[in-house]
Amino acid sequence: MTFVDTHCHLYDEAFDTDRELAVQRATDAGVEIMLLPDIDSSSTDRLDALYHSVPSCFRRMAGLHPTSVTEDFEAELLHVRGRLERGAFVAVGEIGMDLYWDRTYEEQQREVLRCQMLWAEEFGLPVALHIRKAHNEVFALLRDLNRATYRGVMHCFGGSLQEAQRAVEMGFMLGIGGVVTFKNATMAEVARVMPLDRLLLETDAPYLSPVPHRGQRNESSYIPLIAQKIADLRGITIEEVAEQTTANARILFGIK
């Protein structure tokens, strides 16, 4: 079995003491490819260093995370634009809207998301969307962009079944992570009933570890735990989950 972790931050400082071992544990678990979303200009050097250390294992994204959006977002957007023009990336991400803590920069987040959505279209790339307490706002923006269909993933999907259905109808895939293993997780119903060819596996490491590691640092080697939970929910084998989700990732992100 082979897997793709479509969203992880293995360049994060949480892995500074054992990054090489964490990567080895992932590959030993069958996770052959790991996608690295960017946050902002402060994370770029660390991301690139990891990407270049084992290029066969990693693929990069370029983007400005919504929680990094402030009044001075223009310089950060220029940084993203420059990277897209110079480098090889599999997606624009992670981008989106996050209104969980406050709505101070809601309008700026909306403008930044719109801009990066247009860049993704210009460069022919899918998007990795971070949406937290902002599904209505993001859906409204996507409706205003008025595209027939979209290419991308709603990363760490946390919406309702109805929102999942709406996202799939618009062309998006759904990123399923460790939350699906939590007791009474509403995500379980999404993972159970949505078409398997619209699901992707992800960890969001070092965050959101699956059971039995909940509350601890997450890492890409835990992807099989997420796959097994999806298999159990759907009454199929983990091999079926691995095969289809890996194919989904390869198609969406153009992974050879």
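Reply: Happy to. Let's begin with E202, whose side chain reaches the backbone nitrogen of C156 at 3.0 Å. That is a polar contact, meaning a pair of N or O atoms within 3.5 Å; within protein, one must be able to donate a hydrogen and the other to accept it, and residues adjacent in sequence count only if both atoms are side-chain atoms. Before going on, please note that this is a predicted model, where local features need pLDDT of at least 70, side-chain atom pairs count only at pLDDT 80 or more, and totals for chains, interfaces and linings use all residues. Residues are numbered from 1 along each chain as its sequence is written, and side-chain values use heavy atoms, with hydrogens and water left out.

E202 belongs to the loop between β8 (199–201) and α8 (223–234); helices (H or I, at least four residues) and strands (E, at least two) are DSSP runs, numbered from the N terminus. E202 is buried (under 20% relative accessible area; exposed is over 50%, partly exposed in between, with a 1.4 Å probe and protein chains only). Leaving aside neighbours within four places in sequence, the contacts of E202 (heavy atoms within 4.5 Å) include D5, H7, H155, C156 and G177.

R132 also leads us to the rings, as it lies over the face of Y100, at 3.6 Å from the ring centre. The criterion is NZ of Lys or CZ of Arg within 6 Å of the ring centre and within 35 degrees of the ring normal.

The whole structure holds two aromatic pairs, with centres within 6.5 Å for rings of Phe, Tyr and Trp (its six-membered ring); planes under 30 degrees apart count as stacked, over 60 as edge-to-face and the rest as tilted. Y100 and W101 form an edge-to-face pair, because their planes stand at 85°, with the centres 4.8 Å apart. Y100 is partly exposed at 37% relative accessibility, and W101 is exposed at 67%.

Y150 and F172 are stacked, since their planes meet at 10°, with 5.5 Å between the centres. This pair links distant parts of the chain, 22 residues apart: Y150 in the loop between α5 (135–145) and β6 (152–155), F172 in strand β7 (residues 172–176). Y150 is buried at 8% relative accessibility, as is F172 at 0%.

Technical notes. Lys, Arg positive; Asp, Glu negative; His and termini not counted. Salt bridge = Lys/Arg side-chain N within 4 Å of Asp/Glu carboxyl O.
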